[in-house]
Amino acid sequence: SLLDSLKLCGQKKDLQKARELHGRLVRNEMLTKDIYLSNAVISMYAKCGSISEARKVFDELPIRNVVTWNTLITAYIHHGLAHNALESFRHMKSEGFSPNAVTFICILKACGRVGSLDVGEEIHANVSKQGLLETNIIVGNALIDMYAKCNMLGKAQKVFDEIPLHDVVTYNTLITGYSQHGLGNEALACFRKMQDEGISPNVITFHCCLKACGGVGAFEEGLEMHADIDRRGLLKEDVAVGNALIDMYSKCGVPEKAQEVFNQLLVRNVVSWSTLINGHAQLGQTNVVLNLYRRMIAEGIVPNSVTFIVLLTACSHAGLMEEGEQLFHEMRVAYCLEPILEHYTCM
């Protein structure tokens, strides 16, 4: 069917084909008659990366429904254009359309990205009025996320407490909020509550909780999480969890455990190496730092900007001027990395 063709074209991101299909629909005057096809064309263009063509189709439509607006708003969010999404939301309301749960979820995401707390609170009031917090867990999760991103963690916690049902996403959203704002103890308290509720943590949970452990030096809890991660076989599946473990052990001042995890990783990326190097740098082990850097290069891993900040900081603390100059030169010449303020500050 035509709808399937439009959907498939969006999935394949084939803009050429999208234009052909759109042209055919315009010639047969089908867009003026069928709102489902119109909405599908907007979605297809957005998925093919052409937000301007999606918007043009939207503007030319003689009739729109709430799905049409949601499709455009979703497209803006997907392309990182949160301000446009918020503008469309205002326009939608001024035209007398009632937003639904999908609209609220998308706009809350936009509010979180640009810190638009006033719109977020307005949606919270609407959601409460419609009783959506009791019935729609995704709306609840989106509200918690919006408040957390706007650094209103008290309000995020309040929404969390009001929701009758929690899932792993609900917990992860709140834990991430606490962890990212440096509230490690609160994040870990939330993790314990999650375990009491019998909700199974996933990779994202461990990633955020390990960050929290490193931040507050909760070595014992970090050890327990490590055992749980091993039981679930997550180290084999996800390099980011391994990197988070290395970071946690380094921050807790146990470099030998960090090295142990590093040795177990089946795949090591530049973050794995940089995190391990940083751990030794924090403890002032400059010789180990420089040896690890050479090993990293020998294994064919290309260092990034962060790697060099760590290396130059280590050289500056150890008073290794020549090594620092050599690394600064290597960074620019061998790896074509443009120094940023932190690199110059180290020098």
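Tutor: Let us begin with a cut-off: a residue is called buried when its relative accessible area is under 20%, exposed when it is over 50%, and partly exposed in between. Please also keep in mind that this is a predicted model, in which the mean pLDDT of the chain is 93 and 100% of the residues reach 70 or more.

Student: Where does the confidence fall lowest, and where is it highest, among the elements of the chain?

Tutor: Helix α1, residues 2–12, has the lowest mean pLDDT of the elements, at 83, whereas helix α10, residues 137–149, has the highest, at 97.

Student: With that cut-off in hand, is Ser50 buried or exposed?

Tutor: Ser50 has a relative accessibility of 8%, and because this is under 20% the residue counts as buried. Ser50 sits in the loop between α3 (35–47) and α4 (51–60), and, once its neighbours within four places in sequence are set aside, it is in contact with Leu15 and Tyr45.

Student: How does Phe219 count on that scale?

Tutor: Phe219 has 25% relative accessibility and therefore counts as partly exposed. This residue belongs to helix α15, residues 219–232, and, not counting residues up to four places away in sequence, it touches Tyr249, Cys252 and Val254. The C-alpha atom of Phe219 is also separated by 8.0 Å from that of Met248, although the two residues are 29 apart along the chain.

Student: Now for the helices: how are two packed helices described?

Tutor: The description rests on the angle between their axes and on the distance between those axes. Helix α6 (residues 82–94) and helix α8 (residues 117–129), for instance, have axes that come within 12 Å and cross at roughly 45 degrees, which makes α6 oblique to α8. The crossing in which α6 passes α8 is left-handed.

Student: Which residues make the contact between α6 and α8?

Tutor: From α6 the contact takes Leu86, Phe89, Arg90 and Lys93, and from α8 it takes Val119, Glu122 and Ile123.

Student: At what angle do α20 and α21 pack?

Tutor: Helix α20 (residues 286–298) and helix α21 (residues 305–318) pack at about 150 degrees, with their axes 10 Å apart, and they are therefore roughly antiparallel to each other. Here, too, the crossing is left-handed as α20 passes α21. The contact is made by Thr286, Val289, Leu290, Tyr293 and Met296 of α20, together with Thr307, Phe308, Leu311, Ala314, Cys315 and Ala318 of α21. The residues of this contact divide into 9 nonpolar, 2 polar and no charged.

Conventions. Residues are numbered from 1 along each chain as its sequence is written. This is a predicted model: local features need pLDDT of at least 70, side-chain atom pairs count only at pLDDT 80 or more; totals for chains, interfaces and linings use all residues. Side-chain values use heavy atoms; hydrogens and water are left out. Axes are lines fitted to C-alpha atoms, for helices over the stretch in contact, and angles run from 0 to 180 degrees between N-to-C directions. Helices (H or I, at least four residues) and strands (E, at least two) are DSSP runs, numbered from the N terminus. Angles under 35 degrees count as roughly parallel, over 145 as roughly antiparallel, 65 to 115 as roughly perpendicular and the rest as oblique. A crossing is left-handed if the near helix is turned anticlockwise from the far one by less than a right angle, and right-handed if clockwise. Contact means heavy atoms within 4.5 Å. Buried means under 20% relative accessible area, exposed over 50%, partly exposed in between (1.4 Å probe, protein chains only). pLDDT is the predictor's confidence in each residue, from 0 to 100. Ala, Val, Leu, Ile, Met, Phe, Trp, Tyr, Cys and Pro count as nonpolar, Asp, Glu, Lys and Arg as charged, and the others, Gly among them, as polar.
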